[in-house]
Amino acid sequence: MKTQQLPTREDIAHRLARLAGHAQSLKRLWEEERDYQQMLIQIAAVRSGLDQVARAILEQYLHERIHEAVAQGDASLATQDLHEALDRLLL
């Protein structure tokens with residue numbers, strides 16, 4: 001089984017910068033009263049970028065919390081943290 005490498009802080013920062021660029025493009029398109037289709041494309045890019053950033057941050061968070069729970073010998077702590085993180089992200 002292949003081990004998946006966690007995204008680094010630099011990876012996440014790069015994704016956030018790209019997301020900010022898409023948001024700025026969307027704002028500029030709106031201000032210039034450009035074609036709605038172009039704006040919808042940018043909205044889709046922002047959504048996709050935000051989903052990617054959320055996943056990367058969630059992976060980092062869970063990795064840290066699971067290691068902490070294992071070190072403390074308390075699996076219920078990791079389970080509780082997972083539920084809370086998913087609630088924040090999905091609700």
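Which residues are linked in a network of salt bridges? In this predicted model, R65, E68 and D81 form that network.

**View 1. R65, E68 and D81 are linked in a network of salt bridges.** R65 forms a salt bridge with E68, with the closest N and O atoms 2.7 Å apart. Both R65 and E68 lie in helix α2, 3 residues apart, which is about one turn of the helix. An α-helix has 3.6 residues a turn, so residues three or four places apart point the same way. The side chains of R65 and D81 also meet in a salt bridge, at 2.4 Å from N to O. D81 lies in helix α3 and R65 in helix α2, so this pair ties together parts that are 16 residues apart in sequence. D81 and R65 are both buried. R65 has a relative accessible area of 17% and therefore counts as buried, the cut-off being under 20%. E68 counts as partly exposed because its relative accessibility is 33%.

**View 2. A salt bridge joins R55 and E59 within helix α2.** The closest N and O atoms of R55 and E59 are 2.9 Å apart. The two residues are 4 residues apart in helix α2 (residues 36-72), about one turn of the helix. R55 is exposed, since its relative accessibility is 52% and the cut-off for exposed is over 50%. E59, in contrast, is listed among the buried residues of α2. The structure holds 6 salt bridges, and the pair R55 and E59 is one of them.

**View 3. The buried residues of helix α1 pack against α2.** Helix α1 covers residues 9-31. I12, L19, S25 and L29 are its buried residues. At 1.5 Å a residue, the 23 residues of α1 should span 33 Å, and the end C-alpha atoms are 33 Å apart, so the two values agree. E33 follows α1 and has a positive phi, near 55°.

**View 4. The buried residues of helix α2 pack against α1 and α3.** The buried residues of α2 include M39, Q42, G49, V53 and A56. L58, E59, Q60, L62, R65 and A69 in α2 are buried too. The 37 residues of α2 should span 54 Å at 1.5 Å a residue; the end C-alpha atoms are 53 Å apart, which agrees.

**View 5. The two ends of helix α2 are shown with D35, Q37 and G73.** At the start of α2, a side-chain oxygen of D35 reaches to within 3.3 Å of the backbone nitrogen of Q37. Just after α2, G73 takes a positive phi of about 70°.

**View 6. Leucine side chains make a nonpolar surface patch.** L82, L86, L89, L90 and L91 make this patch, which has an area of about 510 Å². L90 is placed in helix α3 (residues 75-90). L90 counts as exposed because its relative accessibility is 64%. Helix α3 also holds D81, the salt-bridge partner of R65 shown in View 1.

Note on methods
Residues are numbered from 1 along each chain as its sequence is written. This is a predicted model: local features need pLDDT of at least 70, side-chain atom pairs count only at pLDDT 80 or more; totals for chains, interfaces and linings use all residues. Side-chain values use heavy atoms; hydrogens and water are left out. Patches are made of residues with over 30% relative accessible area and no salt bridge: like charges are joined within 9 Å, nonpolar side chains (Val, Leu, Ile, Met, Phe, Trp, Tyr) within 5 Å. Accessible areas come from the Shrake-Rupley method with a 1.4 Å probe; for residues, only the protein chains shown count as cover. A salt bridge is a side-chain nitrogen of Lys or Arg within 4 Å of a carboxyl oxygen of Asp or Glu. Buried means under 20% relative accessible area, exposed over 50%, partly exposed in between (1.4 Å probe, protein chains only). The expected span of a helix is 1.5 Å times one less than its number of residues. Contact means heavy atoms within 4.5 Å. A polar contact is a pair of N or O atoms within 3.5 Å; within protein, one must be able to donate a hydrogen and the other to accept it, and residues adjacent in sequence count only if both atoms are side-chain atoms.
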